[in-house]
Amino acid sequence: MTVDRVTATEEALAFIRTLEDKHGPLMFHQSGGCCDGSSPMCFAEGEFRIGDSDVYLGDIGGMPFYMSQDQYEYWKHTQLIIDVVDGRGGMFSLDGPEGRRFLTRSRMYSQDEQEAMKKEETAY
């Protein structure tokens, strides 16, 4: 069993394609707060510096998604589900001026999923 740490709704995937058409390849980083709250931030590929303390969670719509290690410690028992809703996005995020914004929803992993993830981690 493979468990995705991050997924996206069909509506979010369509919005990702719209932004990709305008800006080219994208990347995501789950914001930890400050200016833009705790929302998924969307950037043109390479416009946000990924550091040693960032965790790669997977791809959504073919675009990489990261989160800081500190924040990951709080979220590691949940699957992130990226959705899109009406409203202004973060001021630094490409969804900002679009009238739609990305939103992170989450769900707790089942016991079976948690065990599968532990097996995947020890396999490396």
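**View 1. Helix 3 provides four residues to the lining of the second largest pocket, the largest share of that lining.** The model is a predicted one, in which local features need pLDDT of at least 70 and side-chain atom pairs count only at pLDDT 80 or more, while totals for chains, interfaces and linings use all residues. Residues are numbered from 1 along each chain as its sequence is written, and side-chain values use heavy atoms, with hydrogens and water left out. Helices (H or I, at least four residues) and strands (E, at least two) are DSSP runs, numbered from the N terminus. The second largest pocket holds about 170 Å³ of space. Its lining consists of R5, Q69, Y72, E73, K76, H77, Y109, Q114, M117, K118 and E121. Helix 2 and helix 3 each contribute at least two of the lining residues. By class, this lining has three nonpolar, three polar and five charged residues. Here Ala, Val, Leu, Ile, Met, Phe, Trp, Tyr, Cys and Pro count as nonpolar, Asp, Glu, Lys and Arg as charged, and the others, Gly among them, as polar.

**View 2. The largest pocket contains about 310 Å³ of space.** Among the 15 residues that line this pocket, V3, R5, Y56, L57 and E120 are the closest to its centre. Strand 4 (54-60) and helix 3 (111-122) are the elements that give two or more residues to the lining. Strand 4 supplies the largest share, five residues. Eight nonpolar, two polar and five charged residues make up the lining of the largest pocket. Pockets and cavities are found on a 1 Å grid over the protein atoms alone: a cavity is a set of points where a 1.4 Å probe fits but cannot get out, a pocket is an open set with protein on both sides within 12 Å along at least five of seven lines, and lining residues have an atom within 4 Å of a point. Grid points are joined across faces, edges and corners, and a volume is the space filled by probe spheres set on the points.

**View 3. One cavity of 30 Å³ or more is found in a search of the whole structure.** Rolling a probe the size of a water molecule over the atoms shows where empty space is left. The volume of the largest cavity is about 40 Å³. R5, L57, M67, Y72, W75, K76, T78, L80 and Y109 line the largest cavity. Six lining residues of the largest cavity are nonpolar, one is polar and two are charged.

**View 4. The largest nonpolar core comprises 23 residues, and I16, F28, L57, I60, F65 and F102 have the most contacts inside it.** At least two residues of this core come from each of strand 1 (6-8), helix 1 (10-23), strand 2, strand 3 (40-44), strand 4, strand 5 (63-68) and strand 6. Helix 1 accounts for the largest share, five residues. A nonpolar core is a set of buried Ala, Val, Leu, Ile, Met, Phe, Trp, Tyr and Cys residues joined through side-chain atoms within 4.5 Å. Not counting residues up to four places away in sequence, F65 touches V6, F28, Q30, P40, V55, Y56, L57, G58, I60, L80 and I82; contact means heavy atoms within 4.5 Å.

**View 5. H29 and Q30 belong to strand 2.** Q30 is buried, at a relative accessible area of 0%, and H29 is likewise classed as buried, at 9% relative accessibility. Buried means under 20% relative accessible area, exposed over 50%, and partly exposed in between (1.4 Å probe, protein chains only). The side chain of Q30 makes a polar contact of 2.7 Å with the side chain of T104. The side chains of H29 and D54 are joined by a polar contact of 2.8 Å. A polar contact is a pair of N or O atoms within 3.5 Å; within protein, one must be able to donate a hydrogen and the other to accept it, and residues adjacent in sequence count only if both atoms are side-chain atoms. With neighbours within four places in sequence left aside, the residues in contact with H29 include P40, F43, D54 and Y66.

**View 6. R105 of strand 7 makes a side-chain polar contact of 2.9 Å with D83.** R105 is partly exposed, with 38% relative accessibility. Apart from neighbours within four places in sequence, R105 is in contact with Q79, L80, I81, D83 and V85. R105 and R5, although 100 residues apart in sequence, are 12 Å apart in space from C-alpha to C-alpha.

**View 7. S110 is located in the loop between strand 7 (100-108) and helix 3.** S110 is partly exposed, with a relative accessible area of 33%. Between the C-alpha atoms of S110 and E20, which are 90 residues apart along the chain, the separation is 33 Å.
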